[in-house]
Amino acid sequence: VFAVFLTSPAPICVLDEVDAPLDDANVIRFCSLLDELAKITETKFIIITHHALTMAKMDRLFGVTMGESGVSQLVSVDLQPGSQLEAAE
């Protein structure tokens, strides 16, 4: 699938739970592949996942919370500033 994607990249690619059947080692390899593809093709990947390792490798996280019944709220966390602070230390 990704080889075909390299020949005809799209500006945005949405992947839904593609990491679910993978073990931890392959999730790390999958995330590294996505990182390489994003650099080569300048594609923005939107990953829908529940896997903690995948979330840890992303630049930004979005989530939906429901503080009270029937009221949803979108939450966004930018993970890049934190990694820049680590590099400075």
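Colleague: Where is Ile 48 found?
Modeller: Ile 48 sits in strand E2 (helices, H or I, of at least four residues and strands, E, of at least two are DSSP runs, numbered from the N terminus). This is a predicted model, so local features need pLDDT of at least 70 and side-chain atom pairs count only at pLDDT 80 or more, while totals for chains, interfaces and linings use all residues. Residues are numbered from 1 along each chain as its sequence is written, and side-chain values use heavy atoms, with hydrogens and water left out.

Colleague: Which residues make the nonpolar surface patch?
Modeller: Ile 12, Val 14, Ile 46 and Ile 48 make it, at about 360 Å². Strand E1 (12–16) and strand E2 (44–48) are the elements that give two or more residues to that patch.

Colleague: OK, inside now. Which residues are in the largest nonpolar core?
Modeller: Its 10 residues are Phe 5, Cys 13, Leu 15, Val 27, Phe 30, Cys 31, Leu 34, Leu 37, Phe 45 and Ile 47. A core here is a set of buried Ala, Val, Leu, Ile, Met, Phe, Trp, Tyr and Cys residues joined through side-chain atoms within 4.5 Å.

Colleague: What does Cys 31 touch?
Modeller: Beyond residues up to four places away in sequence, Cys 31 touches Thr 54, Lys 57 and Met 58 (contact is heavy atoms within 4.5 Å).

Colleague: Switching topic: Glu 42, buried or exposed?
Modeller: Glu 42 is exposed, because its relative accessible area is 65%. Its place is in the loop between H2 and E2.

Colleague: Which residues is Glu 42 in contact with?
Modeller: Pro 11 and Leu 37, leaving aside neighbours within four places in sequence. Glu 42 and Pro 11 are 31 residues apart in sequence, yet 7.1 Å apart C-alpha to C-alpha.

Colleague: What's the order of elements in the protein chain?
Modeller: From the N terminus, α-β-α-β-α-β-β-α, which comes to 4 helices and 4 strands. Of the 89 residues, 18% count as buried.

Key
Patches are made of residues with over 30% relative accessible area and no salt bridge: like charges are joined within 9 Å, nonpolar side chains (Val, Leu, Ile, Met, Phe, Trp, Tyr) within 5 Å. Accessible areas come from the Shrake-Rupley method with a 1.4 Å probe; for residues, only the protein chains shown count as cover. A salt bridge is a side-chain nitrogen of Lys or Arg within 4 Å of a carboxyl oxygen of Asp or Glu. Buried means under 20% relative accessible area, exposed over 50%, partly exposed in between (1.4 Å probe, protein chains only).
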